[in-house]
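Colleague: I would like to learn how to read metal and ligand sites in a model. Can you walk me through one?

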Amino acid sequence: AHSAGSTAPQPYDPVLSKQQFRSREIERALGRALDRGEFQIWYQPQHRVADGKLIGSEALVRWSNASLGRVAPNEFIAIAESTGFILELGRFVLEQSVEDALAMPPDLGIAVNVSGVQLIAGDVLGDVKRVLETTGLPASRLCLELTESVLLDGSGGLIETMQDVQFLGVSWALDDFGTGYSSMGYLSQLPLEKIKLDKAFTMSLGVDRASLPILSAMSDLCRGLGIKLLCEGVETEDHLAHLQAHGCDEAQGYLFGRPMCLTDFLSYASSQIQE
Ligand code: C2E
Ligand code: CA
Ligand code: CA
Ligand code: CA
């Protein structure tokens with residue numbers, strides 16, 4: 001253990017160096033992973049709360065490497081962002097998931113995560129235009145999810161890009177809302193179709209005394225702004241009952257389904273239609 005405030009040279013720390021070693025391994029393997037076809041896109045169902053109808057899915061990237069095994073996106077996305085590889089990976093995820101969406105029932109939406117790095121250093125507008133043109137997917141089926149932390153960092157031109165993309169008919173969802181950067185101030189300035197409440201908030205429903213008043217205030221706020229509210233990490237019937245009682249629009253989580261490969265998602269979608 002290190003003593004707080006110590007300026008002496010730190011002793012060799014095997015834990016840190018193990019992490020650094022792994023990061024470097026991941027960085028090196030990421031560079032070749034696209035060409036080797038090591039990425040897959042999985043789909044997690046999103047449902048309307050009022051009538052339980054399946055309305056679409058979120059595309060979530062999966063990576064499996066021969067020597068590293070399966071690596072979680074929470075581990076490699078940050079590394080891909082720091083090296084700039086996310087620009088290539090993000091284009092791949094967008095292209096693949098939009099192509100897959102063509103195989104899904106035409107009334108289902110597809111939500112794709114966009115990293116702030118793509119928005120700042122990439123050409124999200126150009127990428128989206130091109131993928132819609134080449135696939136013919138109706139723009140209204142595509143939603144882009146953006147984590148709110150980005151918006152506060154370097155917001156120069158970001159809102160304009162979001163507006164340009166929205167002008168194509170594509171919508172924006174603000175991801176991971178309630179994880180620490182929350183500011184009510186800019187909500188009305190962003191071209192948002194949807195706000196996604198983070199799963200940490202959903203987990204607190206019925207556990208934390210403040211959670212229900214917050215949910216009810218959030219759904220009032222969203223309704224007032226004309227923004228849909230989706231809760232992530234809905235795992236239990238109790239969670240869902242709270243969302244129903246407080247006017248939350250949409251839900252996503254293990255209660256409905258885990259992220260699954262395209263084939264499994266297609267069977268899931270057809271089982272929903274028959275019900
Ligand atoms: P996210 O966008 O908030 O995605 C939701 C995460 O919560 C997913 O983890 C999903 O598997 C998990 N989850 C869904 N329902 C439940 C539930 O009921 N309970 C619990 N405990 N967890 C649930 P995953 O797939 O590991 O992704 C982690 C994060 O990695 C994502 O968080 C997103 O920020 C990032 N990510 C994933 N795919 C992409 C991508 O293609 N591009 C970018 N830029 N980021 C991605
Ligand atoms: Ca997301
Ligand atoms: Ca829309
Ligand atoms: Ca999220």
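Modeller: Start with the term donor. Donors are N, O and S atoms within 3.2 Å of the metal when the metal is Ca. Water is not among the atoms, so a site may look incomplete. Keep in mind that this is a predicted model.

Colleague: How are the donor residues of the calcium ion (ligand 4) spaced in sequence?

Modeller: The spacing is D-D-x55-E. The protein donors are Asp175 (OD), Asp176 (OD), Glu232 (OE) and Glu232 (OE). They lie 2.2 to 2.5 Å from the ion.

Colleague: Where do Asp175 and Glu232 sit in the chain?

Modeller: Asp175 is in strand 6. Glu232 is in the loop between strand 8 (228-231) and helix 10 (237-245). The two are 57 residues apart, and the pair links distant parts of the chain.

Colleague: Next, the calcium ion (ligand 2). Which protein donors does it have?

Modeller: Glu58 (OE), Asn113 (OD1), Glu145 (OE) and Asp175 (OD), at 2.2 to 2.3 Å from the ion. Along the chain these donors follow E-x54-N-x31-E-x29-D.

Colleague: Why does the pair Glu58 and Glu145 tie together separate parts of the sequence?

Modeller: Look at the elements. Glu58 lies in strand 2 and Glu145 in strand 5 (residues 142-147), so the pair joins parts that are 87 residues apart in sequence.

Colleague: Which residue bridges the calcium ion (ligand 2) and the calcium ion (ligand 4)?

Modeller: Asp175 does. The two ions lie 4.0 Å apart.

Colleague: How much of ligand 1 does the protein bury?

Modeller: Taken alone, ligand 1 exposes 800 Å², and the protein buries 86% of that. The space taken by ligand 1 is the largest pocket.

Colleague: Which elements give two or more residues to the shell around ligand 1?

Modeller: Strand 2 (54-65), helix 2 (73-83), strand 6 (171-177) and helix 8 (199-204). Strand 2 gives the largest share, four residues. By type, the shell divides into nine nonpolar, six polar and seven charged residues.

Technical notes: Residues numbered from 1 in each chain as written. Chains lettered and ligands numbered in written order. Predicted model: local features only at pLDDT ≥ 70, side-chain atom pairs only at ≥ 80, totals over all residues. Heavy atoms only, no water. Areas by Shrake-Rupley, 256 points an atom, 1.4 Å probe, with all protein chains shown as cover. 1 Å grid on protein atoms, 1.4 Å probe; cavity = no way out; pocket = protein on both sides within 12 Å on 5 of 7 lines; lining within 4 Å. Sits in = over half its atoms within 2 Å of the grid points. Nonpolar A, V, L, I, M, F, W, Y, C, P; charged D, E, K, R; others polar. Donors = N, O, S within 2.8 Å, 3.2 Å for Na, K, Ca; no water.
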